[in-house]
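Student: Hi! Could you walk me through this structure?
Tutor: Happy to, here it is.

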Amino acid sequence: MRNLDPVRTHEDSVLDLQGVAVHLGGRAVLHGIDLSLRPGEFVGVIGPNGAGKTTLLKIILGLLRPDEGTVQVAGRDVRAARSLVGYVPQSFAPDPDLPLRARDLVALGLDGARWGFSLGGARRRAKVEEALSWVDALHYADQPVGRLSGGELQRLLVAQALISDPRIVLLDEPLANLDLRSQGDVVALVGRVAHVRGVTVVLVTHDMNPLLSVMDRILYLARGQAALGTVDEVVRGDVLTQLYGHHVDVVRVHGRILVVGGADAESLTCGTCDG
Amino acid sequence: MGLWQTLFPSGLFTASFMQNAWLAGTAVAALSALVGFFVVLRGATFVAHAVPRASFAGAAGAVLAGGDTVLGLAIFSALSALGMAALGTRRDQGQTTALVLMAALGLGSLFLALGGAYAPEVYALLFGQIVGIGRMDVYAILGLLLLALAATALLYRPLLWSSVAPDVAEAKGVPRRRMEILFLLLVALAATAAVPIVGALLSFSLMVGPAAAAAYFGRSPGQALGIAVLIGILSIWLSLVFAYDTGLPVGFFVAAVTAVFYGLGRLWAHLWQIERGRGQVPV
């Protein structure tokens, strides 16, 4: 682990991982992960398949307990802090005839884990309307979710994750099934809403380029290890070469960044692959 | 006199066996639609088909052992539901459901063969016997309905969330596996109540038909659930009237009426979409 951020302020950190290691089937999926994220920052998580991105998300969500190390959200054990972590899943493809309106989906983010049923109420309704307005989804609030486009659904999922006022929101490959324009829209929207609400964003993606304009720091994962810092600090030939364990070149063309592998190129992420 | 009298002869409401049929049928229809709402939401129609059939083997076993057939139904529907939950994989729920169903049906045929060639109780459980039930059966079914109502009232939000967006629900503390087991137990509960009334072969139509139709009429989960229960109750009422008038089996009418409601739902959704499409500005 190379934490390139010189200032570590644990007092106001939203997410703290110390010495986290995970072994699955005799293999170290993650090891020696130390990281600390600040309130309101936008962190992109990049890395090749099998680098441990999904495992990292599961740990932060409290769905997987690390074999070593500690995970804290806002200074509390992750399992006691579940309400502080919002989540946007990788895939959500509802049936076209699902009897669920946009507002119903968002409302589940507010109280879906509670027992019983809700009798509605003006405050709950107002809260849902507010969350819909954050993502500019009020005009399709009463549409069935199965009839919405991928971009419209993605905005609802963001609202669903943010409505419970989390301190941190995790987005698992939210750009995977979107065209380039929608990718840009989703990234801009997440960046804006999170900034306004002071929520830390952890966004996992294959391609760092759509994030370059909004990302405060990048968490680069490879071989179960991580490098955290600004793009200029992390996405460099020497840093990535050490992370990958073999020679890597970083090329900048027309404002885009390409990560190019050497002899062992197959194990590299493709910095330009879209989706 | 005339049409009214023909459609609704006096015995339809006054005969005591018909009064039991109205009560039990209404309760079973409401219970099936309630559980069926979640079956349709989860896309788990095969499970709803398999559990009542698998439970039939329990009734055959009960006949063989000289026990209570409804108890046999309850045990086998719960066991098959738990078996499906234990073996089920996310990738192919259908495969393991089919395997559990096959195992149960195999046992059922063995029990039938060992118990003698013809067992009227077992035959009744295949096709249902709504006009042959006693007052105690009615109370038992009402009890099952109350149990299911209490369970769904308690589980409503987490079960709904886990059904429509399991990944997010799990991340927010609604365990997917636990919800799956509770859902399957609800299906087993509905099967236990429905099989003696409408039969193992057709209880499926009461569970899936109204809920599938309601998904087209209702726009929110609450609406769809309410409409499913209404369609279910209306279906069984119409079926009872038709069956009483014609002397044909109730199961036939239940299947036919729920199918008609489903068709109406599709038509409604189709028309509604055309209407909506007309009002839209092309992007």
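Tutor: Let's start with a term: a salt bridge is a side-chain nitrogen of Lys or Arg within 4 Å of a carboxyl oxygen of Asp or Glu.

Student: Okay, how many salt bridges are there over all chains?
Tutor: That rule gives 17 salt bridges over all chains. Bear in mind that this is a predicted model, where local features need pLDDT of at least 70, side-chain atom pairs count only at pLDDT 80 or more, and totals for chains, interfaces and linings use all residues. Residues are numbered from 1 along each chain as its sequence is written, chains are lettered from A and ligands numbered from 1 in the order in which they are written, and side-chain values use heavy atoms, with hydrogens and water left out.

Student: Which residue does A:Arg101 form a salt bridge with?
Tutor: Its partner is A:Asp142, and the closest N and O atoms are 3.8 Å apart. This pair links distant parts of the chain, 41 residues apart: A:Arg101 is in the loop between strand 7 and helix 2 of chain A, and A:Asp142 is in the loop between helix 3 (122-134) and helix 4 (150-162) of chain A. Helices (H or I, at least four residues) and strands (E, at least two) are DSSP runs, numbered from the N terminus.

Student: What about between chain A and chain B, how many salt bridges there?
Tutor: The count there is 1 salt bridge. The side chains of A:Asp111 and B:Arg157 form a salt bridge, at 2.9 Å from N to O.

Student: Which elements give two or more residues to the side of chain A that touches chain B?
Tutor: Those are strand 7 (85-88) and helix 2 (102-111) of chain A. Helix 2 of chain A gives the largest share, 4 residues.

Student: And how much area do the two chains bury between them?
Tutor: Chain A and chain B bury about 2,700 Å², with 61% of it on carbon and sulfur atoms. Buried area is the accessible area (1.4 Å probe) that two parts lose on being put together, summed over both. A:Pro99, A:Leu108 and A:Trp115 supply 21% of the area that chain A buries against chain B, more than any other three residues.

Student: New topic! In what order do the 4 strands of the open sheet come?
Tutor: In chain A the order is 3-2-5-6, with antiparallel pairing. Two strands pair if DSSP finds at least two bridges between them. Strand 3 (27-37) and strand 6 (76-77) of chain A are the edge strands, each pairing on one side only.

Student: How many bridges join strand 5 and strand 6 of chain A?
Tutor: Strand 5 (residues 68-73) and strand 6 of chain A pair over 2 bridges. A:Gln72 stands opposite A:Asp77 in strand 6 of chain A.

Student: And the hairpin, how many residues lie between strand 12 and strand 13 of chain A?
Tutor: There are 2 residues between them, and A:His254 in the turn has a positive phi of about 45 degrees. Strand 12 (residues 248-253) and strand 13 (residues 256-261) of chain A pair in the antiparallel sense over 6 bridges.
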